[in-house]
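I opened the file and kept notes on what I looked up. The entries follow the order in which I looked.

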Amino acid sequence: MSVLVFVEGLSGEIKKSSLEAATYGSRVAQQLGTSATAVAIGEVHEDALAKLGEQGISKVLYDGDSRLNQFVANAYVKVIASAAAQEGAKVLVFSNSNIGAAIGAKLAVRLNGSLATNVTTLPNMEGGSFVVTRGVFSGKAFADVALTADLKIIAIKKNSIDITAGSGTAAVESFSADLADADFAGAPKETVMQETDGVLLPEASIVVSGGRGMKGPENWHLIEDLARVLGAATACSKPVSDMDWRPHHEHVGQTGITVSPDLYIAIGISGAIQHLAGVNSSKVIAVINKDPEAPFFKAADYGIVGDAFEVVPKLIEAAKALDK
Amino acid sequence: MKILVCISNVPDTTAKINFTADNKAFDKNGVQFVINPWDEYALARAIELKEAKGGTVTVLNVGEADTEPNIRKALAIGADDAIRVNAFPKDSFFVAQQIAAVAKENQYDIILMGKESIDYNGSQVHSMVGELLGIPSVVPAFKLDLVDDSTARLEREIEGGKEIVEVKLPFVASAQQPMSEPRIPNMRGIMTARTKPLKAVEPVAADVKADYVGYSKPEKKSGVKMIAPENAGELITLLRNEAKVL
């Protein structure tokens, strides 16, 4: 009767979103009066795994089979299902990443569990129920969902829980699910990582985003410079990616990436309802736009009515002056 | 080549979202419903593949009779026939089981749908269908091509990059930009859609494991604090000292 958290690695380190999942899992374990175990797969440094103790994880099951360095859904599902069986897990926790949501769904079928993705709160366990709140209608609302199966599977929305920075070391145990070659059918032929000197958009705490008001891709250095000095990821609105000024994977909005950073800075974006749907769960929104009637100002916490080409250099200058 | 495209009937992207007075259900009053935008990428790509390689595109929706206008729209865009599983889509597991039941009966080569629906944002159904049918699911994919009659090559998004995957048919994939350019029905399509077969079938017995018990809306923002453009740098100070996000 424990809680099992799946943590994802990236270049040997643990993803920020997985530290959030570990924190979440530990808190659920506390609620249930049990302990939280993590399961990690593939290329992750052991000292990074041991540090999960800081998020309240007591034990990490680590399957370092090199065939798992690439994501293969069936193999990952088998390892996690086998870890869940060993631990007698009643709650499985994932980050709501592309990987987490996919394997959560497969595990829900295989282990006959209830699944909620995009979860934003700890469970409410009053009266023996198990209710979590999840974002729905592209951030325009929340739904409370009662998970009714014995096994509950939760994928938590990125940036919806503050990472616990406690102390402690998790015991790292090697783990093997006896994978056969057949479990690796459908393995990717090739993995291509984006060349980025900055922060990955889906993981970012701060996002600097540009719209048509930037007038052309040749002006994007302003967005990039501000992002660099703030340690932020860059993003864009749909028209900008449709016009190929920026790649599609930077498009934020209802049919692009949904982000919920601590800070979203929108520059030259008017704030169409489809764009707002992708960003409105950001904790703080700052909007810079020439048009005082831009609808984005209604959703913003801070606003500047002004020309991006005059305002952004001032922001870069002020951000450089901050002592980090 | 038999392709199944699963479409969801969702509130228009610009719709105001409201709930019934007891906050127990979505209030459909005055809301226009559309084909889930992500599913439109799947539908458009399926039609492109059919045009290039031959075969059929079947559209599937799990929904009550009021979803038929959007099923007809999918037929007008170019699907050949449609199946409506006559049931309210209670949760993703319920929907996945209905899709799997239809798929088992008809043996499709490719099953496509959007990466998520813009109403419940679950991103679950495609992977569940793959698991229920014991076939690969490639999610979320932004590129899909056929290598030959039995193999497809897909590119899927991972955080920070992409993976290139080759799978044997049959498989499930979910679609996202820029897999295709969604299509708008033309007059000829609209006319022919009326005569294309749309079959309603009853649902199979299926479990529901997520019970939606209530809804709420985010708290309204307290209002925007405006900063004069000539003092733009002050924004950075406020974000650090007041909002504490820097």
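**Ground rules.** I note that this is a predicted model, in which local features need pLDDT of at least 70 and side-chain atom pairs count only at pLDDT 80 or more, while totals for chains, interfaces and linings use all residues. Residues are numbered from 1 along each chain as its sequence is written, chains are lettered from A and ligands numbered from 1 in the order in which they are written, and side-chain values use heavy atoms, with hydrogens and water left out.

**Contact between the chains.** I looked up which residues touch, where contact means heavy atoms within 4.5 Å. Chain A brings 85 residues to the contact and chain B brings 71 residues. The two chains bury about 6600 Å² between them, and carbon and sulfur atoms give 59% of that. Buried area is the accessible area (1.4 Å probe) that two parts lose on being put together, summed over both. On the side of chain A, the residues that lose the most area to chain B are A:Asn98, A:Phe137 and A:Tyr302, together 13% of what that side buries.

I then looked for charged pairs across the interface and found 4 salt bridges. A salt bridge is a side-chain nitrogen of Lys or Arg within 4 Å of a carboxyl oxygen of Asp or Glu. B:Lys221 and A:Asp301 form a salt bridge, at 2.8 Å from N to O. Helix H4 of chain A gives the most to the side of chain A that touches chain B, with 9 residues. Helices (H or I, at least four residues) and strands (E, at least two) are DSSP runs, numbered from the N terminus.

**Cavities.** How many cavities of 30 Å³ or more does a search of the whole structure find? I noted 3. On a 1 Å grid over the protein atoms alone, a cavity is a set of points where a 1.4 Å probe fits but cannot get out, and lining residues have an atom within 4 Å of a point. Grid points are joined across faces, edges and corners, and a volume is the space filled by probe spheres set on the points.

The largest cavity has a volume of about 570 Å³. It has 35 lining residues, and the closest to its centre are A:Asn96, A:Asn98, A:Thr258, B:Lys115 and B:Glu116. Helix H4 (98-110) of chain A and strand S7 (137-148) of chain B each supply at least two residues of this lining. H4(A) gives the most, with 3 residues.

The second largest cavity holds about 90 Å³. Among the residues that line it are A:His248, A:His249, A:His251, B:Trp38 and B:Lys115.

**Salt bridges over all chains.** The search of the whole structure gave 28 salt bridges. In one of them, A:Lys59 pairs with A:Glu87, and the closest N and O atoms are 3.0 Å apart. This pair links distant parts of the chain, 28 residues apart, with A:Lys59 in strand S5 and A:Glu87 in helix H3.

**Backbone.** I found a cis peptide bond from B:Val139 to B:Pro140, with omega near -20°. B:Pro140 is in strand S7 of chain B. Another cis bond runs from B:Leu169 to B:Pro170, with omega near -5°. B:Pro170 lies in the loop between strands S9 and S10 of chain B. Last, A:Ser138 is not a glycine, yet has a positive phi of about 50°. A:Ser138 is in the loop between strands S8 and S9 of chain A.

Technical notes. On a 1 Å grid over the protein atoms alone, a cavity is a set of points where a 1.4 Å probe fits but cannot get out, and a pocket is an open set with protein on both sides within 12 Å along at least five of seven lines; lining residues have an atom within 4 Å of a point.
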